[in-house]
Amino acid sequence: FMSSMNFSDLINKQEIVFHTAGLGDDDLDVLTEVLRKSQVLQVLNLSCNKIAFTNKEFATALAYNGTVRALYLSQNKVGPRGATLLGSALKVNKTLEKIVADGNQISDEGAKGLAAGLVLNKSLEEISLNANGIGDSGADVLATSLKENKSVRAIGLRANFIGDDGAEKFLDALGSNFVIQTLNLGVDSTPGVARAIGAVRPKVQAILEEPKRKVKQLEAIIAKNTEKLAAKDEEIARKNSQMASLLTYTSMYINSFEDPIKKQEQLEEVIAKKDEELESLKVYTSMYINSFDDQRVKKLEAEIKRKDEQ
């Protein structure tokens, strides 16, 4: 796998998959450079590796990347620190729409870091955090962040340690967030937690299926798509402006070089004109000289006549 991680091979790919490749944080240099420079990458799948997501250069490159739509990090070693750094990237990133990070043991502490990112993020639509050791306090901060976030539509939190208190926080968030369409708390095998979540799930489903909520969701989707279209229009206008500037510069650059054929034609015209001027000068000179000859002949004839008369 590592031998296939070549920048020139990856830079033009729309989807990069390094699944079960044994990658750790120290193996992400090439991918970091790809994230910085790629104009086409949309899907990055790094599931089932050893990535802790503590490589700050990689996280920063992801934060400022403008093309990646989906990131798969399931079954890695992200943990609380990595989740917090991922949350920091979410504060800045404007294009990520889907994150799947199941089975990373991010715990309540990591959930807090992700929640901080969700508060500011406006692009993420789906986040899956199944089997991450998240309890009620982690559920609390995630639910609170969703009161501010208006882009996330689907949340996966199956097989965590969320009980009555945490589940109720999500119910409260659903009351003010009409964008969420899917909230999967799942069933945990932990005694008591399974019963709590089982009791809450019908309530969650009932809220999600309310007709008034469906209408508001549709309005939110339309509003977001309108924003996306406006952003796309701005991007097209910017690229058109760049293209116009490039064409102008190219034209000026090309015009700075004289066309050899045109130059030759211009020289031939100059030579022809000079030839005409030279011929005209010859004619004038001949006429001028001849005028002097006529005068001399007449002068000599007059002199001869005068002598004859004498």
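**Strands and salt bridges**

Guide: I99 stands opposite I127 in β5. The model is predicted, with local features requiring pLDDT of at least 70 and side-chain atom pairs pLDDT 80 or more, while totals for chains, interfaces and linings use all residues. Residues are numbered from 1 along each chain as its sequence is written, and side-chain values use heavy atoms, without hydrogens and water.

Visitor: In which sense do β4 and β5 pair?
Guide: Strand β4 (residues 98–100) and strand β5 (residues 126–128) pair in the parallel sense over three bridges. Strands are DSSP E runs of at least two residues and helices H or I runs of at least four, numbered from the N terminus; two strands pair if DSSP finds at least two bridges between them.

Visitor: What is the strand order of the open sheet?
Guide: The order is β1-β2-β3-β4-β5-β6-β7, with parallel pairing. The edge strands, β1 (15–17) and β7 (182–184), each pair on one side only.

Visitor: Turning to charges, how many salt bridges are there?
Guide: The structure holds six, each a side-chain nitrogen of Lys or Arg within 4 Å of a carboxyl oxygen of Asp or Glu. E33 forms one with R36, with the closest N and O atoms 3.1 Å apart. K37 also forms a salt bridge with E33, at 2.9 Å between the closest N and O atoms.

Visitor: Where do K37 and E33 lie?
Guide: Both lie in helix α2, four residues apart, about one turn of the helix.
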